[in-house]
Amino acid sequence: MKTLLAVLLLCTGLFSSGPWAEEVLQFDNDAQRDLYQQLTAELRCPQCQNQNIADSHAVVAVDMREKTYQLIREGKDRQQVLDYMINRYGDFVHYLPPVNRYTLWLWLLPLLMLLGLIAVGVFRRAQQSKQVPQDIAGNTAAELDQLIARYRSKK
């Protein structure tokens, strides 16, 4: 009986501390819980680089979640928590980086690429419209008569 109890305690200890264990966090009110969920979905894991800290199991993401929880429990608001994380990990940690001289290219590059694609499309369309009349004008009446004669001879 004691060995069965020891095995059960060991199994529950192993299964409760694995990566599949769910965090149980205590908040004073629902507003804090909502803020925590919003921030963990909005902050990017520096190690994973394509996951938010809510979904990542990296050590740094766990530390960031714990620090976010601590700051919210201390009564910090959304902007204060974001400022702390950005000061500590850099602008990369936030999915919406601010517009400044370092991140300006992030905001302008998609617009510049779109304008470039439109310019290439307009240029190619203009080149095609110039080539079509030249091809039609280049054919003489004699060449057209020869083409018609070849077509009729095949029937």
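Biologist: How does Arg-78 count by its relative accessibility?

Modeller: Start with the scale. Buried means under 20% relative accessible area, exposed means over 50%, and partly exposed lies in between (1.4 Å probe, protein chains only). Arg-78 has 29% relative accessibility, so it counts as partly exposed. This is a predicted model: local features need pLDDT of at least 70, side-chain atom pairs count only at pLDDT 80 or more, and totals for chains, interfaces and linings use all residues. Residues are numbered from 1 along each chain as its sequence is written, and side-chain values use heavy atoms, leaving out hydrogens and water.

Biologist: Which side chain meets Arg-78 in a salt bridge?

Modeller: The general idea first. Side chains of opposite charge can pair when their charged atoms come close. A salt bridge here is a side-chain nitrogen of Lys or Arg within 4 Å of a carboxyl oxygen of Asp or Glu. Arg-78 meets Glu-42, at 2.4 Å from N to O. Glu-42 sits in helix α2 and Arg-78 in helix α4 (residues 78-89), so the pair links distant parts of the chain, 36 residues apart. Helices are DSSP runs (H or I, at least four residues), numbered from the N terminus. Glu-42 is buried, with a relative accessible area of 14%.

Biologist: How many salt bridges does the whole structure hold?

Modeller: The search finds 3. One of them joins Arg-73 and Asp-28, whose closest N and O atoms are 3.1 Å apart. Arg-73 lies in helix α3 (residues 59-73) and Asp-28 in the loop between α1 (2-16) and α2 (30-42), so this pair ties together parts 45 residues apart in sequence. Asp-28 is exposed at 55%, while Arg-73 is partly exposed at 37%.

Biologist: Where do Asp-30 and Arg-33 sit?

Modeller: Both are in helix α2, 3 residues apart, which means about one helical turn separates them. Asp-30 is exposed at 54%. Arg-33 is partly exposed at 30%.

Biologist: At what angle do α2 and α3 cross?

Modeller: Two packed helices are described by the angle between their axes and the distance between the axes. Axes are lines fitted to C-alpha atoms, for helices over the stretch in contact, and angles run from 0 to 180 degrees between N-to-C directions. The axes of α2 and α3 come within 10 Å and cross at roughly 150 degrees.

Biologist: Which residues make the contact?

Modeller: Contact means heavy atoms within 4.5 Å. From α2 come Gln-32, Leu-35, Tyr-36, Leu-39 and Thr-40, and from α3 come Arg-65, Thr-68, Tyr-69, Ile-72 and Arg-73.

Key: Helices (H or I, at least four residues) and strands (E, at least two) are DSSP runs, numbered from the N terminus.
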